[in-house]
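Dear colleague,

Please find the structure below, handed over for your own work. My notes on what was found follow it.

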Amino acid sequence: MLIKRCLPRPILSLILTLVWIMLSDSITYGSVIMGVILGVAIPLMTQRFWDAQPAVKKPMLLLRYTLRVMLDILVANLQVAWLIARPWRRPRPAFIEYPLTLKRDFSITLLASTISLTPGTISANLRLDGRSLLIHVLDTDDEQGIIEEIYNRYERPLMEIYE
């Protein structure tokens, strides 16, 4: 229990420590000590701002989701590059109102972040009632197809993983 109180986010503490050591450009006792101090102090000072993370109900599905998002980011980068490489073809940007079925703030944030990470799309706004996302798409002629793709590729797996 003492460890949980001193290290509320142990993985974050480890990452902060390692990042500090890498930024200090050499591994010395001082850089390691300072990294550990920052790795412990920053999560302790910011823990009151963090929401409780929901339990992962299906960890293998989370791994598959992560791999899918990474692959989608790669493919979307290529699609955007191809769109830019052909200046004679004008993109067809659009704002799409995406209806949410997710209920938890964490899941909605994860979905909005996933959409924004994928080149060519960005989550522009979450409605105050939490029932829809406004998404900007760089190039589309099928808004309903985009909604169905987001639901099947991202939202439905997030429901299974977290809700």
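In these notes a residue is called buried when its relative accessible area is under 20%, exposed when it is over 50%, and partly exposed in between, using a 1.4 Å probe and protein chains only. Helices (H or I, at least four residues) and strands (E, at least two) are DSSP runs, numbered from the N terminus. The model is a predicted one: local features need pLDDT of at least 70, side-chain atom pairs count only at pLDDT 80 or more, and totals for chains, interfaces and linings use all residues. Residues are numbered from 1 along each chain as its sequence is written, and side-chain values use heavy atoms, with hydrogens and water left out.

Overall layout

The protein is divided into domain 1 (1–49) and domain 2 (59–162), with bounds that come from an automatic or database domain assignment. Taken over C-alpha atoms, the centres of domain 1 and domain 2 are 33 Å apart.

The UniProt record, an unreviewed entry, places the feature "transmembrane region" at residues 12–45 and 65–85. Its positions are given in the numbering used here, feature names are shortened, and annotations may be inferred rather than shown by experiment. In the model, residues 12–45 are 85% helix and 0% strand, and the end C-alpha atoms of that span lie 13 Å apart. Residues 65–85 are 100% helix and 0% strand, with 30 Å between the end C-alpha atoms.

The strands

Strand 3 (residues 132–137) is largely enclosed by the rest of the structure, because five of its six residues are buried. Two strands are said to pair if DSSP finds at least two bridges between them. Strand 3 pairs with strand 1 (residues 94–99) in the antiparallel sense over six bridges. Within that pairing, Ile96 has Ile135 as its bridge partner, and Pro99 stands opposite Ser132. Strand 1 has a covered face made of Ala94, Ile96 and Tyr98, whereas Phe95, Glu97 and Pro99 form an uncovered one.

Strand 3 also runs antiparallel to strand 2 (residues 121–126), to which five bridges join it. Here Ile122 stands opposite His136, and Asn125 has Leu134 as its bridge partner. Strand 2 and strand 3 form a hairpin with five residues between them, and Gly130 in the turn has a positive phi of about 75°.

Two exposed aspartates

Asp25 is located in the loop between helix 2 (10–23) and helix 3 (29–46). Its relative accessible area of 72% makes Asp25 exposed. Asp25 also has a phi near 70°, a positive value in a residue other than glycine. Most residues other than glycine have a negative phi.

Asp141 lies in the loop between strand 3 and helix 6 and counts as exposed at 64% relative accessibility.

Contact here means heavy atoms within 4.5 Å. Not counting residues up to four places away in sequence, Ile161 touches Ala55, Val56, Lys57, Lys58, Leu61, Leu62 and Tyr65. The C-alpha atoms of Ile161 and Lys57 are separated by 5.2 Å, although the two are 104 residues apart along the chain.

Leu62 lies in helix 4 (residues 59–85) and is partly exposed, at 22% relative accessibility. Leaving aside neighbours within four places in sequence, Leu62 is in contact with Val56, Ile161 and Tyr162. Leu62 and Leu110, 48 residues apart in sequence, are 12 Å apart in space, C-alpha to C-alpha.

The largest pocket

A pocket is defined on a 1 Å grid over the protein atoms alone, as an open set of points where a 1.4 Å probe fits, with protein on both sides within 12 Å along at least five of seven lines; lining residues have an atom within 4 Å of a point. Grid points are joined across faces, edges and corners, and a volume is the space filled by probe spheres set on the points. The largest pocket holds about 550 Å³ of space. Of the 22 residues that line it, Ala76, Gln79, Pro119, Thr121 and Ile146 lie nearest its centre. Helix 4 and helix 6 (143–162) each supply at least two residues of the lining, and helix 4 gives the most, with seven residues.

Yours sincerely
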